[in-house]
Structure formats: C-alpha cells, structure tokens
Amino acid sequence: SRLEATGIAFEHPCPPRVPGDPATVSGTFFLRNKSACALSGCSVRSTFALGVWAAHSSQLSASTTLFHDVGRSGVAMFNSSQVSLQGCKFLRCHVHGVCSRGDSVSVLQGCSVEDCGSRGLYVYERASMTLTGCRITGTKDATRAALEAAGSREGNAVALVARGCVVTGNAGVGVRWRGAVTATVLDSVSTGNAAGDVDTQPCDKGEVFPEFTAGV
C-alpha cells in the first residue's frame with residue numbers, strides 16, 4: 001500500500017492505552033510490511049507517540065515537512081526500512097529527531113533538527129545514515145550526544161556519512177561514536193556544545209570493536 005499527501009497537517013493526540021507507558025501508543029503514521037508513504041509540505045504532530053514509525057521494509061519519503069512537538073521521536077526506523085528526507089525540520093521532539101536501527105537506511109539532505117529532548121539523530125545496530133547539509137542544535141539532555149552512532153559488536157556495525165553538516169549549541173556532547181562504527185565526515189563542524197564536541201568510546205558491553213575511521 002502507498003499513501004501520498006501534500007500540504008496536510010497531521011495531528012495525533014491519542015494518549016497511551018496504559019497511562020504513563022509510551023510503548024502502548026504507536027504514532028501518527030505506522031508503516032510496515034513494505035508499505036510506503038510520501039509527504040510534501042506537510043506537518044506531523046504527535047502529542048504522546050512517534051511521528052512516523054517505519055518497520056518491516058517500509059519506505060518513507062518526505063520533503064519540506066515539519067515534524068514538531070512529538071511525544072517520542074519524530075521518525076523511528078526498524079527492520080530494513082528506508083527513509084529519505086529533504087528540507088525537513090524536526091522541532092521539539094521529546095526523544096530523538098530521527099532514530100534508525102536494524103539494517104535501516106536513512107538519507108537526510110538539508111534538514112534541521114532543533115530543541116529535541118534527548119538526541120537529535122541516532123543511528124545504531126546495523127543501520128546506516130547519510131547526512132548532507134544538515135544542522136543539529138538545541139538538544140536538552142546533557143548526558144546524550146546530539147548526533148550518535150553506536151554498534152554493540154562487529155556484526156552490528158553502523159555506517160555514518162556526514163557532509164557539510166553543523167552540530168552546535170547542544171546541552172550534551174556534539175558527536176559521539178560508540179562501538180562498531182565507521183564514520184566518514186567531510187566539511188562538517190561540531191562546535192560550541194556544552195559537554196564537548198566529539199567523543200569516541202567503546203560500547204557499554206565493553207567488547208573489542210573495529211576502530212573508528214573518518215575521512216576528512
């Protein structure tokens with residue numbers, strides 16, 4: 001199935017079925033089983049839940065779309081999903097702007113991520129993310145990085161490419177590479193972040209990982 005929408009404001013005010021448990025409410029959009037969604041010039045708001053939940057080889061493409069005041073993450077990807085975002089803005093997402101896991105592929109061009117509660121962008125456990133001309137600023141959590149890539153072991157390695165990006169003015173570390181990560185960073189800047197600008201560390205489990213690599 002495929003949904004296409006242009007210039008529509010989507011609102012999802014439904015609370016969790018179990019009060020206080022965000023896992024019991026899904027999102028404004030729930031994409032699964034190879035479904036596809038294309039948004040252009042839209043806005044997506046979800047008071048308690050995800051903006052878009054993409055799973056099981058689903059696809060999301062969005063251009064000039066605002067994901068704002070989202071109770072969890074603006075876009076969350078799992079299980080080989082693919083997301084392409086151009087000129088989109090993520091504003092005041094309670095957790096992350098975009099998070100990607102499990103063989104998912106995300107491509108962001110000319111996007112801004114502002115004032116999110118935890119991380120701005122998070123890619124982990126076999127996922128890949130490519131950023132071009134993106135800006136991340138204003139995250140609120142001093143213990144989290146604005147941009148983080150993390151792989152728990154060699155078989156779960158993560159690939160991140162960033163070109164012409166800016167990470168600045170965040171409460172925590174600007175950029176964190178953790179565990180099995182291969183990162184290529186070109187013409188990008190991480191500066192003026194409260195807890196430091198770049199942090200490299202092993203995964204929480206403490207195993208041995210491939211070294212972080214960067215192309216500048």
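Which side chain meets that of Arg119 in a salt bridge? In this predicted model, the partner is Glu148, with a distance of 2.9 Å from N to O. Arg119 is located in the loop between β14 (112-114) and β15 (121-124), whereas Glu148 belongs to strand β18 (residues 147-151), so the pair ties together parts that are 29 residues apart in sequence. Both Arg119 and Glu148 are buried. These two residues are also linked with Arg178 in a network of salt bridges.

The structure contains nine salt bridges. One of them joins Asp199 to Arg176, with the closest N and O atoms 2.7 Å apart. This pair likewise links distant parts of the chain, as Asp199 is found in strand β24 (residues 198-201) and Arg176 in strand β21 (residues 175-179), 23 residues apart. Arg176 counts as buried because its relative accessibility is 12%, the cut-off for this class being under 20%. A further salt bridge is formed by Glu4 and Arg2, whose closest N and O atoms are 2.8 Å apart. Glu4 is exposed, with a relative accessible area of 57%, and Arg2 is exposed as well, at 53%.

With regard to the strands, eight of them form an open sheet in the order β1-β4-β7-β10-β13-β16-β19-β22, with parallel pairing. Strands β1 (2-6) and β22 (181-186) lie at the edges, each pairing on one side only. On average, neighbouring strands of this sheet are turned by 5° against each other, direction ignored. Within the sheet, strand β16 (residues 128-132) pairs with strand β19 (residues 158-163) in the parallel sense over five bridges. Ser128 has Ala159 as its bridge partner in β19.

Note on methods. Residues numbered from 1 in each chain as written. Predicted model: local features only at pLDDT ≥ 70, side-chain atom pairs only at ≥ 80, totals over all residues. Heavy atoms only, no water. Pairing = 2+ DSSP bridges. Helix = DSSP H or I, 4+ residues; strand = E, 2+ residues; numbered from the N terminus. Axes fitted to C-alpha atoms, helices over the stretch in contact; angles between N-to-C directions. Salt bridge = Lys/Arg side-chain N within 4 Å of Asp/Glu carboxyl O. Buried < 20%, exposed > 50% of the residue type's maximum accessible area, 1.4 Å probe, protein only.
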